[in-house]
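Student: I am new to this structure and would like to learn how to read it feature by feature. Could you guide me through it?

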Amino acid sequence: MRKKSLMLFSSLFIAVCLSTVALAAGGHGHKKEKKVGILLVAFGSSEASAQVSFENIAKKTKTAYPDIPVRWAYTSTIIRKKLAKQGKQLDSPEVALAKMQDEDFTHVAVQSLHTIGGDEYHDLRRTVGAFKIMGGFQRIILGYPLLATQKDMERAVDAVLENIPSERKSDEAVVLMGHGTHHPSNAFYAALMFQLQLKDPNVFVGTVEGYPEVDLIEELLLKNKIKKAYLMPFMSVAGDHAKNDMAGDEEDSWKSILTKAGIECVPVLKGTAEFDNFVDIWVDHIGGPLSHF
Ligand code: CO
């Protein structure tokens, strides 16, 4: 946490310097010409399989807002470092925003590509708040993550149901793997399961790092006498968690745990951002900030 604040501080320091330079270079109180931009912020992934998701989001954003320049940032330092070693330079949100300030953007819609408003989202919220206080942009607004309003929940429920493989029969289960967190927003996963089950009682939502845990999901599957389950990530990308914790051969993967319990498992390695119906929710959320510009 300390390292994070230090990084935020130094990025902000750079940003303040940049804005001071910009002011000295010809500010003198003249109102800058309006320049709107979008900054898409993902956790990031170093998995090649995740690129499909990011490309899909980039394409749909471009289609929805063709005249607005789009920039990207990854919040994960580990992933950015990993990518840097492969020669791919990805910015943190702080650096990306400092650069956008330097490029004379006046209005920025920062769009979170997170699933819930957890830690990562709130870190981003603080960064956006800091840039707001600095006054580097005329307006800077953060868009909601995938699941925020009740309308989002309903759209996500429909999207999940639409994306289930067509060969799945109604007495077979669909088990979604969410990330999960110690953050209070973790409650979204159980809330999603409740709303899904109103429409399809054999759809379950568990998490890797929060509640509901896989043990509870196993218990519920056995109670419903489920013999076969489709396992799908409820994360934007089918990255490390989906490949290993969900579908891996290790004995603590969900596939292994459920198989051991007598349930045949069919992993589906596709992140939510590979499906247009989910991407539409994120892309529509950019419209929130843009409507205030
Ligand atoms: Co994780």
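Student: What should I know before reading any value?

Tutor: This is a predicted model, in which local features need pLDDT of at least 70 and side-chain atom pairs count only at pLDDT 80 or more, while totals for chains, interfaces and linings use all residues. Residues are numbered from 1 along each chain as its sequence is written, and side-chain values use heavy atoms, with hydrogens and water left out.

Student: How many helices and strands does the protein chain have?

Tutor: Helices (H or I, at least four residues) and strands (E, at least two) are DSSP runs, numbered from the N terminus. The protein chain has eleven helices and eight strands. Of its 293 residues, 49% count as buried, where buried means under 20% relative accessible area, exposed means over 50%, and partly exposed lies in between, with a 1.4 Å probe and protein chains only. Contact means heavy atoms within 4.5 Å, and among contacts in the protein chain between residues at least 6 apart in sequence, 77% join residues at least 24 apart.

Student: How is a pair of packed helices described?

Tutor: Two packed helices are described by the angle between their axes and by the distance between those axes. Axes are lines fitted to C-alpha atoms, for helices over the stretch in contact, and angles run from 0 to 180 degrees between N-to-C directions. Angles under 35 degrees count as roughly parallel, over 145 as roughly antiparallel, 65 to 115 as roughly perpendicular, and the rest as oblique. A crossing is right-handed if the near helix is turned clockwise from the far one by less than a right angle, and left-handed if anticlockwise.

Student: At what angle do α6 and α7 cross?

Tutor: The axes of α6 (residues 150–163) and α7 (residues 187–199) come within 10 Å and cross at roughly 60°, and therefore the two helices are oblique to each other. Their crossing is right-handed. On the α6 side the contact includes Met153, Val157 and Leu161, which meet α7 residues including Phe188, Leu192 and Leu196. By class, this contact of α6 with α7 has nine nonpolar, two polar and three charged residues, where Ala, Val, Leu, Ile, Met, Phe, Trp, Tyr, Cys and Pro count as nonpolar, Asp, Glu, Lys and Arg as charged, and the others, Gly among them, as polar.

Student: Which residues make the contact between α4 and α5?

Tutor: The axes of α4 (residues 93–102) and α5 (residues 119–134) come within 10 Å and cross at roughly 30°, which means that α4 is roughly parallel to α5. The crossing is right-handed. Pro93, Glu94, Leu97, Ala98 and Gln101 of α4 make the contact with Leu124, Thr127, Phe131 and Met134 of α5, a set that divides into six nonpolar, two polar and one charged.

Student: Which residues coordinate the cobalt ion?

Tutor: Donors are N, O and S atoms within 2.8 Å of the metal (3.2 Å for Na, K and Ca), and water is not among the atoms, so sites may look incomplete. Here the cobalt ion is coordinated by His179 (NE2) and His241 (NE2), at 2.1 Å. His179 lies in the loop between β5 (173–178) and α7, and His241 in helix α9 (residues 240–246), so the pair ties together parts that are 62 residues apart in sequence. His179 counts as partly exposed, because its relative accessibility is 28%.

Student: Is Gly117 buried or exposed?

Tutor: Gly117 is in the loop between β3 (107–112) and α5, and it is buried, with a relative accessible area of 9%. Leaving aside its neighbours within four places in sequence, Gly117 is in contact with His122, Pro145, Leu147, His183 and Ser185. Gly117 and Ala148 are 31 residues apart in sequence, yet 7.2 Å apart in space, C-alpha to C-alpha.

Student: What can backbone angles show in the loops?

Tutor: Phi of Asp104 is near 70°, a positive value in a residue other than glycine; Asp104 is found in the loop between α4 and β3 and counts as partly exposed at 38% relative accessibility. The peptide bond from Tyr211 to Pro212 is cis, with omega near -5°, and Pro212 lies in the loop between β6 (203–207) and α8 (214–223).
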